[in-house]
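Thanks for coming, everyone. Let me put the structure on the screen, and then I'll walk you through it.

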Amino acid sequence: MKLLTKLAVALVLVLGSLMLLAETVTAAPVQPDPTGLSVTTAPRLDPKGHPMVGQYLVVATLKTADGTAVENQPVSFYEQVQFIGQMRDALIGTATTDSTGTAVVAYQPVQTGVHTLVAHSAASAQYAQSATTSTLQVSQVVSPFPAVIEPLASVRAALTIGVALVVIVVWAFLIGLAVRAITGIRAGSEAMQPVE
Amino acid sequence: MVHDRTVVLEDVREAALRPMGRSGWRFWALAGVLALVVVVGAGAYVYQLIGGLGTAGYYDRGFWGIYEANLVAFIGVSYGGALVSAILRLTQARWRAPITRLAEAMAVFSLLVGAAFAVIHLGRPDRMWELVTRPQASSPIVWDFVAVMTYLVATLVFLSLPLIPDVAVLRDRFSGTAGWRRRLYGALSLNWRGKPGQRRLLEQSVTAVAILIIPIAVLVHSVLSWAFAVNSRPGWDSTIFAPYFVVAALFSGVAMVILVVAGFRKGYHLERYIEPKHFRYLAFLMLTLDLLYLYFTFTELLTEGYTLNEQVTPILTQLLAGQYAPFFWLFVVGAGIVPLLLVALPRTRTVPGIVTASALVVAGMWLKRLLIVVPAVAAPLISGDWGSFRPTWVALSITLAGAAAIPLLLMIFFKFFPILSIYEMEEMAAEPVLEPTMSEPAVPELVTAGVVERGIR
Amino acid sequence: MADGVNRSVTERPIVGPTRGRSVLSRRRFLGVVGATAGTAVAGVALAESGLASAGATAATPAAAHQWAFMVDLRRCDGCQKCTQACQQEHYLAKEQTWIKVYTMTNTDGEQYFMPRLCMHCQNPPCLRVCPVGATFKNPEGVVLVDQTKCIGCRACMAACPYEARYFNWGPPPAAPTLASQPMPEFPVPQLQGTVGKCILCVHNTDVGKLPACVDACSMGALYIADLDADAAVNGLGETVKFSEFLQANDAIRYKEELGTQPRVYYILGHGQDLSF
């Protein structure tokens, strides 16, 4: 009996340590490379090379810890905005890094002042996630939304006044005519002289 | 035209005042029936006020329907008054004299009923006063309000002015008696003594209003049409609506005049003064307007439908070949073609034939207004099912009440005021007849009963 | 002041203020001209302001937001949770679908779903035709109805090209006792005989909450947007920069050619053509 229990204990110990060994072997993944994201902004230029008012480029560069550019990684760009009760990160757009690790989106702010921009690259099997923020001072804005038009406003105003005047004149005429007829006929029983 | 000569036509006066005397059982029976219809309608309206407009058959896909059509139709028939009194006056058509009072009174009462429907169709009539306290100048509803009020004042003035000398006749009749009649007519007659100065002032005033009432009348129905036409809704987004509605009003108005004149002529035995020629002349006017209205309808449909665009084509399809087609073609044949033939063919151009044609026209034009309102509302603007308008007993009884109110109000009115315009008929008689071609003299004494009854074909 | 002819004859100066009857008459003349001009100006101003209140679309600069809306048609699955949430929030009758999901067919014959709410047009036909000014646009660009002013003529329903307005044809459903009186920003309970429509849940957005439909949409197809902040968020919490999102996804506005200048944008998907 003693020998059997000793064998069982040994078996358990061996199996247990084997399992532990297997776990440590399979559970240890390859750590993704840490990456660093940097972001800058620059005025956007038109094809002739002149800066476009109110338009910017947000440039994010993704590199690994040792400075190698990370290619083909999607980078999301956000603008921090206070909206419906809380501070939110509003997605501006997504761009994929090129061979130099650069991703660019166009950015057109709608308000002057300081804007906080966030760039974020998601974790993948190879690379860890990284994020960074940047601020941008905006002094001139061009609204991306269509302006409200009020067509024919002066014509409408003139027409309203004109029609109102006509209505007043017509009423004055009708009432005046009725009053004249009533008073004239009432008074006319003696005073009027026969004409013709 | 005012002359020193005055003529007193006793038989005209007797006939004009005949309704004011004791009425037989037929009068009271008819008045009773009409009053009953009006009372039932009033009760239905109270029911509608409590339960909301949904009780009349309205819902979100049928938000405008019978009341809006009634509004247009009843204001439309009032145009007969403007046409007969004003236009015929300005064109100096002497034959208008026996029918002006009937036409003018009908115009006032149908206008009042039409304006009543403007109130009946509101969801919150208790806030009507806001149209005066906070009107918005850009709204066609405000334009409607101003236009109808102006037209009402003008029509009332137009009825009241020639009434003054007639009321003076009544004052003189009742001068011997004591009582409210003498006081009433005394006050209303405004000291009318038939003096030349007074007659001249009256003529001037009536002519001035007659001139003014024509553009007002044209504008009123134009403005009514714009409540529909200013919307981008397919079926209403048409530039021709204003003259279209004006012609519709004149057309149905003349027909209504014929009906009213025929009814009261029969009821009060006025055949001596209102002759078949009056019906024939009015019928020719109606014929002209019938052709004009058919022309406008055709133009409207052709220009709307020719491009076969996505928005209007479904409505036209339903109107000409779909769910509304039976009503549309019934209108075209029943109120367009048949009255035209009845009047055009000499065989049927009799008083009964003309009255039949007019009845068809009035009913058909009411149906046509429904066909203008309902399909454009029912058509889906985005996608999905068509709406519909199914009037309930509430809507129908209120509509019938409006239709019954007009003859009832006229019957009551002529209990107090002369049914023929004594002043105008006597003025016609006093005038020397200038054109020899007017072979039928306006002086009724020369017309014997036998000639009238034969009916000149 | 002058007291007669004599003074004016003897004391007529060459330069400087004149005295006497000539001064009176000139002053009176100037007074008359001034009064006439003033009345004319006042009259024009009155008419202009009347016209302005009737249909002007100028946004006052003091508004903190300029609300807008976006519907991503690629995501709508026609579940109608938005309709139900709106009706629950505002105690609406079943027929009052302030946001309504239409089943549409595109040119390929495929079905898709289109939620339609009030477009909160910047040139609203409904506002122009209202006879008593019960429909108005608030400084934040939201079109609202004052049901205490509405006379129930339904001219606005005739004018709206989007079928976005609903009427209280009978007694409205009762709302349990609410602390607030019904007001345009939260017209609950509705009033019989008046018009109601989507209010863009200004009662929610003003206090940092989402509109009922946006919150309820589990597909994240409905976005509430602010043109001033240039942001839009849906019920899933996805926030986007509004102008970029619209541009990137070729957003359009429905029936824009009517000149209504709507504030609701649609992202097309499922192959819809632009003329839907």
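A contact here means two residues whose C-beta atoms, placed from the backbone, lie within 7 Å. Where pLDDT is low, the predicted coordinates should not be read in detail.

Now the ground rules. This is a predicted model, where local features need pLDDT of at least 70 and side-chain atom pairs count only at pLDDT 80 or more, while totals for chains, interfaces and linings use all residues. Residues are numbered from 1 along each chain as its sequence is written, and chains are lettered from A and ligands numbered from 1 in the order in which they are written.

Scores next. Chain C averages a pLDDT of 81, and 75% of its residues score at least 70. The model has ipTM 0.88 and pTM 0.84.

On to the interfaces. How many residues of chain C are in contact with chain A? There are 27, and they meet 24 residues of chain A. Elements giving two or more residues to that side of chain C include helix H2 (21-55) and strand E8 (222-226). Helices (H or I, at least four residues) and strands (E, at least two) are DSSP runs, numbered from the N terminus. H2(C) gives the largest share, four residues.

Chain B also touches chain C. Here 34 residues of chain B are in contact with 39 residues of chain C. On the chain B side, helix H6 (130-133) and helix H7 (140-173) each supply at least two residues. The largest share, three residues, comes from H7(B).

Last stop, chain A. An automatic or database domain assignment gives domain 1 (35-138) and domain 2 (152-187). Their C-alpha centres lie 67 Å apart.

Chain A also has an open sheet. Three strands form it, in the order E1-E2-E5, with antiparallel pairing. Strands pair if DSSP finds at least two bridges between them. Which strands stand at the edges? Strand E1 (35-45) and strand E5 (102-107) of chain A do; each has a single partner strand, so one side of each is left without a neighbour in the sheet. Strand E2 (residues 51-64) of chain A is joined to E5(A) by six bridges. Look for Val58(A), which stands opposite Val105(A) in E5(A).

Technical notes:
pLDDT is the predictor's confidence in each residue, from 0 to 100.
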